[in-house]
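Open the model in your viewer and keep the selection tool at hand. The stops below say what to select next and what is there.

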Amino acid sequence: MARGFRLIFAASLLLTLLGLCRGSIVGVCYGRNADDLPTPDKVAQLVQLRNIKYIRIYDSNIQVLKAFANTGIDLMIGIPNSDLLPFSQFQSNADTWLKNSILPYYPATKISYITIGAEVTEDPHNVSALVVPAMQNILTALRKAGLHRKIKVSSTHSLGVLSRSFPPSAGAFNSSYAFFLKPMLEFLAENQSPFMVDIYPYYAYRDSSNNVSLDYALFESSSEVIDPNTGLLYTNMFDAQIDALYFALMALNFRTIKIMVTETGWPSKGSSKETAATPDNAQKYNTNLIRHVINDTGTPAKPGEELDVYIFSLFNENRKPGLESERNWGLFYPDQTSVYNLDLTGRGNVDMITGANVTSSNGTWCIASSTASESELQSGLDWACGPGNVDCSAVQPSQPCYEPDNLVSHASYAFNSYYQQNGATDVACSFGGNGVKVNKNPSKYTEIQVEMFLTNFRNEHLFDKLSIICFRQF
């Protein structure tokens, strides 16, 4: 009996520790300020296809909640600034909203966070005083439903809540916001909710390029910035901005509140004066950010500290006002093709080789379009064999599918590999319109049996024979 109890206790403790040590996560913001975006159900398919596990939306749109049901994708939902007044005034409004807008879809649709307002200090309508009362009412509604431990309540902020951010150790909150920040921080500490902030090194570089180097903003600096008060060394602006917040929190004696980055990213296009807004820089920033986060690097002031981050944003949004860059933060175009190649796992190549050009399971194949240009095919091939995680070793010199040595054959091999490995959906054969679905097996040659040597985590030798089709004629 005692031994059984000890086993149960040990298992429980292990599960607890695993929960505490889950590691940092990378999510993506799904903004919808556009008139040309795909439907929510297609977006949910795209998100699953790209293996994105965490999504932030800015409201509680019913169609979006329905679309993400039973996908396993974790949602952060929001209450917009324009809706704060009724939620702050009456508990019944919060109760009704939860009952009608959330509970019918939860837990089929996973929800972990509710954000109450967004960057309220930047809002011209001065709604800051409404945030904490609304947070309290939403939390009370969640407590009545027994969900207050499963769904956390917080609010997002811009870095403008700080009056000082450099050096990081001098980080301090703007005293003019103390009237709502102090009770909010008390709420967060009491309920173990994170302080949510939107961090944009791009703007720091764009607006002060004489003082901030591009490499420092892109996580690529070879030099260091020294905090004269602490001696801490900074190689990127992101860490410096995060630590400025940590020091601002510590200055008010809020040492247990964790920070969550609810928006960060880099635009891929801008006006003539926004020279740093390029696909190359956007790819560099987000790639380096993801690697920095998933390795649990932490910051100089908090080494090894977990830090959850959401990249802004899923799509380019053509209705956003302002400079050209404001409409070009997306990872994808509205047609669901990639703006640039990005490995959201941060691993670079996949850890384990998977089936390459497997025989179709649904009677369809994906090949390169005969009307596509060489540059378009090369771009699609590079993406499939890189971030797309296709094993393209079979089309390398001296390998089984190298011949015929032409771009159409190699691209078709890669396109079909990606298509078959990702559910054989329409989206998986898009490649910017350069992939074409066919119902007839395009290979007129026999299948080649390839033995692939795999080693599992115990170094036990496993062999898996995978059937590979080489597209030799079109």
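Start by selecting Pro 167, in the loop between strand S6 (162-164) and strand S7 (172-173). Helices (H or I, at least four residues) and strands (E, at least two) are DSSP runs, numbered from the N terminus. The peptide bond from Phe 166 to Pro 167 is cis, with omega near -10°.

This is a predicted model, in which local features need pLDDT of at least 70 and side-chain atom pairs count only at pLDDT 80 or more, while totals for chains, interfaces and linings use all residues. Residues are numbered from 1 along each chain as its sequence is written, and side-chain values use heavy atoms, with hydrogens and water left out.

**Other backbone stops**

Next select Pro 107, in the loop between helix H5 (91-102) and strand S4 (110-118). The bond that leads from Tyr 106 to Pro 107 is also a cis peptide bond, and its omega is near 10°. Most residues other than glycine have a negative phi, and most peptide bonds are trans.

Move on to the loop between S4 and H6, where Glu 119 is found. Phi of Glu 119 is near 45°, a positive value in a residue other than glycine. Is Glu 119 buried, exposed or partly exposed? Glu 119 has a relative accessibility of 22% and therefore counts as partly exposed. Here buried means under 20% relative accessible area, exposed means over 50%, and partly exposed lies in between (1.4 Å probe, protein chains only).

Asn 126 lies in the loop between S4 and H6. Asn 126 is not a glycine, yet its phi is positive, at about 55°. With 61% relative accessibility, Asn 126 counts as exposed.

**The whole chain**

Zoom out. The protein chain has 13 helices and 16 strands. Of its 474 residues, 50% count as buried. Among contacts (heavy atoms within 4.5 Å) with a separation of 6 or more, 71% are accounted for by residues 24 or more positions apart.

For one example of residues apart in sequence, select Gly 31 and Asn 316: they are 285 residues apart along the chain, and their C-alpha atoms are 8.7 Å apart. Gly 31 lies in the loop between strand S1 (26-29) and helix H2 (40-49). Gly 31 is buried, with a relative accessible area of 4%. Leaving aside residues up to four places away in sequence, Gly 31 touches Leu 37, Tyr 58 and Glu 317.

**The core**

A nonpolar core is a set of buried Ala, Val, Leu, Ile, Met, Phe, Trp, Tyr and Cys residues joined through side-chain atoms within 4.5 Å. The largest one has 131 residues, and those with the most contacts inside it are Ile 55, Phe 68, Ile 138, Phe 173, Phe 195 and Phe 238. Which helix gives the largest share of this core? Helix H10 (residues 237-251) does, with ten residues.

Leu 245 is placed in helix H10. At 0% relative accessibility, Leu 245 counts as buried. With the neighbours up to four places away left out, Leu 245 touches Leu 159, Leu 162, Phe 173, Phe 195, Val 197, Ile 199 and Ile 259. Ile 259 is 14 residues from Leu 245 along the chain, with 8.2 Å between their C-alpha atoms.

**Two helix pairs**

Select helix H6 (residues 128-144) and helix H7 (residues 178-191): their axes come within 8 Å and cross at roughly 20°. Axes are lines fitted to C-alpha atoms, for helices over the stretch in contact, and angles run from 0 to 180 degrees between N-to-C directions. H6 is therefore roughly parallel to H7. Angles under 35 degrees count as roughly parallel, over 145 as roughly antiparallel, 65 to 115 as roughly perpendicular and the rest as oblique.

Last, select helix H12 (residues 374-385) and helix H13 (residues 407-421), which pack at an angle of about 40° with their axes 9 Å apart. H12 and H13 are therefore oblique to each other. Residues making the contact include Leu 377, Leu 381 and Trp 383 of H12, and Ala 411, Phe 415 and Tyr 418 of H13.
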